[in-house]
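Subject: Structure for you to look at

Hello,

Here is the structure I promised. Please open it alongside this note. My findings follow below it.

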Amino acid sequence: MKRRLSEQQEFEIMKIVLDKFLWLGFGIMAYGLYLMYTSTIPLGLSWMIAGAIILLIFTWIIVKQYEIIR
């Protein structure tokens, strides 16, 4: 028999998972900034764009999952 989560429990688990996406996106963007400083600008910029894409996916998941009205 499977246990069902309450809405609050589901929300808390989703916050933990989405928080990891946020840290991952921020870390990738910080690495891209570091590469822009130490190496070439196009290489660092590509890493920053990858981090921005992860953060956009994060935003899309939140809006889709919780139906946030803009």
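How many residues does H1 have, and how far does H1 reach from its first C-alpha to its last? H1 has 32 residues and reaches 46 Å. That is close to the 46 Å expected at 1.5 Å a residue, where the expected span is 1.5 Å times one less than the number of residues. Helices here are DSSP runs (H or I, at least four residues), numbered from the N terminus.

Before you read on: this is a predicted model, where local features need pLDDT of at least 70, side-chain atom pairs count only at pLDDT 80 or more, and totals for chains, interfaces and linings use all residues. Residues are numbered from 1 along each chain as its sequence is written, and side-chain values use heavy atoms, with hydrogens and water left out.

Burial in H1. Buried means under 20% relative accessible area, exposed over 50%, and partly exposed in between (1.4 Å probe, protein chains only). The buried residues of H1 are Met 14, Leu 18, Gly 25, Ile 28, Gly 32 and Leu 35.

Aromatic pairs. Rings of Phe, Tyr and Trp (its six-membered ring) pair if their centres lie within 6.5 Å; planes under 30 degrees apart are stacked, over 60 edge-to-face, the rest tilted. By this rule there are 2 aromatic pairs. One is Trp 23 with Phe 26, edge-to-face, at 6.2 Å centre to centre and 85° between the planes. These two sit 3 residues apart in helix H1 (residues 7–38), so about one helical turn separates them. Trp 23 and Phe 26 are exposed.

Tyr 31 and Trp 47 also pair: the centres are 5.1 Å apart and the planes at 90°, so this pair is edge-to-face. It links distant parts of the chain, with Tyr 31 in helix H1 and Trp 47 in helix H2 (residues 41–66), 16 residues apart. Tyr 31 is partly exposed at 40% relative accessible area. Trp 47 is partly exposed at 34%.

The nonpolar patch. Ile 41, Leu 45, Ile 49, Ile 53, Ile 57 and Trp 60 form a nonpolar patch on the surface, with about 590 Å² of accessible area together. Areas come from the Shrake-Rupley method with a 1.4 Å probe. Patch residues have over 30% relative accessible area and no salt bridge; nonpolar side chains are joined within 5 Å, like charges within 9 Å. A salt bridge is a side-chain nitrogen of Lys or Arg within 4 Å of a carboxyl oxygen of Asp or Glu.

Ile 53 lies in helix H2 and is partly exposed at 46%. Ile 57 is in helix H2 and partly exposed at 39%.

Best wishes
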